[in-house]
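Subject: Structure handover

Hello,

Here is the structure you asked about. Please open it first, then read the notes below it.

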Amino acid sequence: MRMLYKDTNIDYDYVDKGTEVTNVYLHGWGGNRNIFKWLADESELNTLNIDLPPFGDSGEPKTAWGLDDYVGIVLSLVDLLGLGKINLIAHSFGGRMSLRLASKQNIVNKMVLTDIAGIGTRSLWSLLNIFHYKCMKFLARIGLLDDWFVGKSGSEDYASLDDIMKKTFTNIIQTCIIF
């Protein structure tokens with residue numbers, strides 16, 4: 001099935017098995033809904049399995065998004081499908097979304113989260129790498145360093161993205177989860 005959200009096509013599978021609670025499956029960054037397909041197929045509850053943009057069959061956002069835009073997808077589908085309480089089953093980035101959703105909405109019944117992204121403190125090494133990258137980016141911006149170097153920096157996930165999705169990725173990883 002498909003829904004339009006902020007001018008972006010969102011593909012999802014919804015199976016109504018007549019239960020009051022729906023399992024919502026949220027994959028990690030770079031994944032797609034197929035990662036949870038087997039689990040959704042085995043569920044005795046209603047299931048909503050979403051391709052988060054720009055992965056799987058969903059489109060790419062036309063502008064940079066933040067975490068709340070991705071949470072908005074879930075809320076829009078909950079509203080569109082007339083769902084009540086939901087269980088969130090999520091991996092990595094989907095776990096980050098789940099924590100934000102549960103902290104802001106009273107629709108979450110239960111959560112099963114694996115390898116949640118963005119939880120915990122950053123190591124000194126990680127903070128030094130971020131500082132180094134920001135210094136190199138500044139030097140490139142003022143013309144003291146070749147842009148090529150900056151373009152080759154960052155994680156594989158980041159380096160593989162276009163400009164809009166790089167900004168989206170940055171917005172998401174800089175978002176703090178507040179309970």
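Start at the surface. Leu124, Trp125 and Leu128 form a nonpolar patch there, with about 390 Å² of accessible area together. Trp125 is found in helix α4, which covers residues 124-141. Trp125 counts as exposed because its relative accessibility is 62%, and the cut-off for exposed is over 50%.

Keep in mind that this is a predicted model.

**Overall layout**

The protein has 179 residues, and 41% of them are buried. Its secondary structure comes to 7 helices and 6 strands. Read along the sequence, the order is β-β-β-α-β-α-β-α-β-α-α-α-α. The C-alpha trace spans about 65 × 30 × 25 Å along its principal axes. The accessible surface comes to about 10,200 Å². Carbon and sulfur atoms account for 55% of that surface. Now take the contacts between residues at least 6 apart in sequence: 63% of these join residues at least 24 apart.

**Helix α7**

Helix α7 covers residues 163-173. Which of its residues are buried? They are Met165, Lys166, Thr168, Phe169 and Ile172. These residues sit on the same side of α7, because they cover an arc of only 160° around the axis. An α-helix has 3.6 residues a turn, so residues three or four places apart point the same way. Asp162 caps the N-terminal end of α7. One of its side-chain oxygens lies 3.2 Å from the backbone nitrogen of Ile164.

**Val24 in strand β3**

Val24 lies in strand β3, residues 22-26. Val24 has a relative accessible area of 0%, so it is buried. Which residues does Val24 contact, leaving aside its neighbours within four places in sequence? They are Leu48, Ile50, Val74, Ile86, Asn87, Leu88 and Ile89. Look at Leu88 in particular. Val24 and Leu88 are 64 residues apart in sequence, but 5.0 Å apart in space, C-alpha to C-alpha.

**Ser43 in a loop**

Ser43 lies in the loop between α1 (37-42) and β4 (46-50). Not counting residues up to four places away in sequence, Ser43 touches Lys17, Asn23 and Tyr25. With Asn23 there is a polar contact, side chain to side chain, at 3.2 Å. Ser43 and Ile86 are 43 residues apart in sequence and 13 Å apart in space, C-alpha to C-alpha.

**Salt bridges**

How many salt bridges are there? The count comes to 7. Side chains of opposite charge can pair when their charged atoms come close.

Asp11 and Arg2. Asp11 lies in strand β2, residues 8-15. Asp11 forms a salt bridge with Arg2, and the closest N and O atoms are 2.7 Å apart. Asp11 counts as buried, because its relative accessibility is 9%. Arg2 counts as exposed, because its relative accessibility is 51%. Leaving aside neighbours within four places in sequence, Asp11 is in contact with Met1, Arg2, Arg33, Ile50, Asp51, Asp57 and Ser58.

Asp51 and Arg33. Here the closest N and O atoms of the salt bridge are 2.9 Å apart. This pair links distant parts of the chain, 18 residues apart. Asp51 is in the loop between β4 and α2, and Arg33 is in the loop between β3 and α1. Both Asp51 and Arg33 are buried. The pair also belongs to a network of salt bridges that links Asp13, Arg33, Asp51 and Asp57.

Asp41 and Lys37. This salt bridge has its closest N and O atoms 2.9 Å apart. Both residues lie in helix α1, 4 residues apart, about one turn of the helix. Lys37 counts as partly exposed, because its relative accessibility is 41%.

That is the handover.

Best wishes

Terms used:
Residues numbered from 1 in each chain as written. Predicted model: local features only at pLDDT ≥ 70, side-chain atom pairs only at ≥ 80, totals over all residues. Heavy atoms only, no water. Helix = DSSP H or I, 4+ residues; strand = E, 2+ residues; numbered from the N terminus. Contact = heavy atoms within 4.5 Å. Patch = residues over 30% accessible without salt bridge, like charges linked within 9 Å, V, L, I, M, F, W, Y side chains within 5 Å. Areas by Shrake-Rupley, 256 points an atom, 1.4 Å probe, with all protein chains shown as cover. Salt bridge = Lys/Arg side-chain N within 4 Å of Asp/Glu carboxyl O. Buried < 20%, exposed > 50% of the residue type's maximum accessible area, 1.4 Å probe, protein only. Arc of directions from axis to C-beta. Polar contact = N/O pair within 3.5 Å; in protein donor to acceptor, adjacent residues only side chain to side chain.
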